Amino acid sequence: MKSFTKEQVLEEGKNSIEFLKREELEKIQVNRLKKTIERANNSPFYKNIFKKEGIHPEDIKCTDDIRKLPFTTREDLRENFPFGFIALSLNKIVRVHTSTGTTGKPKAIFFSKKDVDEAAGLIARCMRMTGAGPGDVFQNMMSYGLFTGGLVFHYGAEKAGVLVIPAGAGNTEKQIELMRDFKTTIVHITPSYALYLADILEEKGIDPEEELNLQVVYLGAEPYSQKTREKIEKIYGVNAFNCYGLSEMNGPGVGFECPLKDGLHIWEDNFILEVVDPLTGEPLPDGREGELVLTTINREAMPIIRYRTGDITFIYPQVCGCGRTHRKISPIKGRTDDMFIIKGVNVFPSEVERVLMDTPEVARNYQIVIERERSLDIMRIRVEIKKRFFDGSLEHLKELQEKIKSKVKSELMVTPRVELLEPGTLPRTTGKSKRVIDKRRL
Amino acid sequence: MLVKQISVFLENKIGRLAEITELLGQNKINIRALAIADTTEFGILRLIVDNPEKAQEVLEDRGFAAKQTDVIVVKVADKPGGLAGILKELKKSDLNVEYLYAFVKQSGENALVVFRIENTSEAIKVLQGMGVEIISPEEIYSL
């Protein structure tokens with residue numbers, strides 16, 4: 001294999017598709033969208049819908065024609081789990097990831113060999129955009145396994161030509177040791193863990209700026225504020241970049257900040273992006289805040305059309321100063337539903353509710369409180385016990401507490417604290433009650 | 001032989017305790033003895049009262065999770081080592097004491113100890129065999 005220096009790789013990037021003229025980019029989009037509809041027609045889910053609504057690839061003449069297509073929702077993915085969305089025969093599929101934080105039916109995302117490679121290509125593009133390349137040492141502190149943040153990013157980093165340390169999440173002592181031994185220059189990390197790690201470094205008397213070799217930090221999997229970013233940059237003496245992704249759209253690398261660090265470029269040769277009014281579904285003009293809707297246009301195994309991400313953002317109306325023509329979105333401002341992210345895991349209160357409903361000793365009324373303790377996120381589930389299950393035994397209450405804790409942990413991958421409350425203590429509200437109280441200051 | 005103890009589930013809030021005692025007072029229910037078992041998150045208030053039926057009713061009406069639990073109350077000589085002998089004997093018979101608490105009626109006299117033992121009938125046999133005086137519910141309620 002031919003080897004390149006970092007300079008060559010970065011230079012190469014300047015002639016890439018990232019800087020393609022808008023008209024050219026849109027031509028690619030239209031062609032790929034047509035192909036996507038053709039492909040999607042092989043999946044049981046879309047075949048059914050296209051037939052019902054009379055949708056044909058020829059209907060697409062420009063990117064705006066995407067509006068003729070129906071939305072796809074999280075529920076659609078769930079209801080058609082596991083194989084309802086695949087558009088290739090199973091023997092051409094090489095990988096499956098499932099979404100984090102789901103009970104019962106998760107969302108499964110399938111990749112062909114080409115899909116794995118294309119997803120890696122996008123990550124490599126993101127990394128190159130931040131100046132990463134051969135010679136860099138990249139430590140991936142995201143969890144490996146079903147979560148895309150580990151493996152998908154890993155493949156991309158290898159493609160970018162950096163030395164990859166597949167450290168995985170947690171195990172702080174080891175992380176520090178690895179960073180020192182291998183002189184790690186780049187880490188991929190959740191913002192909350194970055195802050196936690198900083199605390200531990202301080203405790204150990206290690207000055208991250210002086211004693212570590214870090215230059216770049218990729219912050220992903222959780223929303224955070226500009227303030228948090230600045231704090232992390234200051235502590236570590238690094239450039240921190242915001243990355244956006246979701247497993248339904250490959251995982252990380254859907255959107256990434258360029259060196260101007262003002263908004264995240266969405267790779268429009270791979271995704272068609274729209275922002276719609278979350279209530280009406282009507283497309284909103286660039287600059288207006290709404291729900292991000294994404295369509296994969298370069299994926300074989302599992303095309304997803306007009307996916308309602310639930311993430312609230314807006315598209316920057318102006319062209320980015322870096323010269324890339326792919327449009328940018330603002331950092332995610334919130335959710336259209338009450339999903340929250342804790343330790344990188346997406347949690348829907350409805351999933352916590354399902355666990356509680358399976359626990360006959362507690363009432364259905366509950367509250368989730370999220371707090372930050374020493375930079376680590378804590379989820380507290382407050383739930384009322386049912387009168388008839390109270391038998392006067394402290395042991396039984398402790399067992400119940402443990403039971404809920406381990407059930408939530410095994411189904412949501414987050415260990416909660418469980419608070420048992422007296423019956424009737426939580427506020428009863430009519431309609432949609434406020435289940436989640438997020439006390440974190442992002 | 002068995003005395004009805006009222007167990008009330010409590011979040012660790014001192015205000016709730018005040019509410020319970022006030023509620024019982026308003027309903028003319030006398031508290032004979034009381035103990036709290038707690039973890040950092042929650043606790044159980046254990047009460048011996050003169051009218052357990054009524055106590056449970058008023059507490060439940062107010063929304064508390066309250067239960068009646070069978071306990072054994074014995075008279076123990078109020079002097080050093082009084083309790084130890086009883087515990088030793090129970091252990092010998094493999095009877096597990098879930099919890100106990102004591103109250104002294106008047107100084108110098110006998111102390112009353114409330115036992116919660118899973119196998120109550122067996123425990124009563126052992127205690128009687130030792131010649132320990134078991135207090136009847138009527139006696140407790142009318143203290």
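Select B:Lys28, which comes after α1(B) and has a positive phi near 60 degrees. Helices here are DSSP runs of H or I with at least four residues, strands are runs of E with at least two, and both are numbered from the N terminus. The model is predicted: local features need pLDDT of at least 70, side-chain atom pairs count only at pLDDT 80 or more, and totals for chains, interfaces and linings use all residues. Residues are numbered from 1 along each chain as its sequence is written, and chains are lettered from A and ligands numbered from 1 in the order in which they are written.

Step back to the helix itself, residues 14-26 of chain B. Its 13 residues should span 18 Å at 1.5 Å a residue, and the end C-alpha atoms are 19 Å apart, which agrees. The expected span is 1.5 Å times one less than the number of residues.

Along the principal axes, the C-alpha atoms of chain B fill a box of roughly 40 × 30 × 25 Å.

Colour chain B by burial next. Of its 143 residues, 29% are buried, meaning that 20 or more other C-beta atoms, placed from the backbone, lie within 10 Å of the residue's own.

Select residues 5-81 of chain B, which an unreviewed UniProt entry lists as "domain: ACT"; such annotations may be inferred rather than shown by experiment. The span is 30% helix and 44% strand, with its end C-alpha atoms 26 Å apart.

Bring chain A into view. Contacts (C-beta atoms, placed from the backbone, within 7 Å) join 14 residues of chain B to 15 residues of chain A. On the chain B side, β1 (3-11), β3 (42-49) and β4 (66-76) each give two or more residues, and β1(B) gives the most, with 4 residues. This side divides into 7 nonpolar, 4 polar and 3 charged residues.

Finish on chain A, where the domain assignment gives domain 1 (6-337) and domain 2 (345-438). The bounds come from an automatic or database assignment. The C-alpha centres of these two domains of chain A lie 32 Å apart.

Notes:
Two residues are in contact if their C-beta atoms, placed from the backbone, lie within 7 Å. Ala, Val, Leu, Ile, Met, Phe, Trp, Tyr, Cys and Pro count as nonpolar, Asp, Glu, Lys and Arg as charged, and the others, Gly among them, as polar. A residue is buried if 20 or more other C-beta atoms lie within 10 Å of its own, exposed if 12 or fewer, and partly exposed in between; C-beta atoms are placed from the backbone.
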